[in-house]
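Let us walk through this structure together, beginning with the surface and ending with a single residue.

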Amino acid sequence: MDKELIDTVRRPADAEAFKMEQLSEAKKKIKKVLTALAEAEKRKCIGEAEAGSIEAVGKAKAEKMRLKPEDYQQYGEAAKTTNALEALPKSLY
């Protein structure tokens, strides 16, 4: 009777318990992998955003440098006009 009880109840119950433990461990491992993948994706997105920001700042600085000579030329012309106006007698304007 003991052997029959072991064969029909105990072993199937042990097998089911083992199966459940293995499934639980597998779920934990899957969760860790998915969490790691999500973290990697998050870091990738942050890195891409930071790179885009750095690129935009660099382009803006380059454009500013490109426009500087033009600004200085306009400033020079305005300064010449101002100097010419200051040289005129005050009664003319």
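The accessible surface of the protein chain comes to about 8,700 Å², and 63% of that belongs to carbon and sulfur atoms; such areas come from the Shrake-Rupley method with a 1.4 Å probe, and for residues only the protein chains shown count as cover. This is a predicted model, in which local features need pLDDT of at least 70 and side-chain atom pairs count only at pLDDT 80 or more, while totals for chains, interfaces and linings use all residues. Residues are numbered from 1 along each chain as its sequence is written, and side-chain values use heavy atoms, leaving out hydrogens and water.

Of the 93 residues in the protein chain, 0% are buried (under 20% relative accessible area, with exposed over 50% and partly exposed in between, 1.4 Å probe, protein chains only). The overall outline is worth a look too: along its principal axes, the C-alpha trace spans about 130 × 25 × 10 Å.

Now for the fold. The protein chain has one helix and zero strands (DSSP runs, H or I of at least four residues for helices and E of at least two for strands, numbered from the N terminus). Helix α1 covers residues 2–87, and its end C-alpha atoms lie 122 Å apart, which agrees with the 128 Å that its 86 residues should span at 1.5 Å a residue (the expected span being 1.5 Å times one less than the number of residues).

Finally, find Lys64, which lies in helix α1. Lys64 counts as exposed because its relative accessibility is 55%. From Lys64 to Thr35 is 29 residues in sequence and 43 Å in space, C-alpha to C-alpha.
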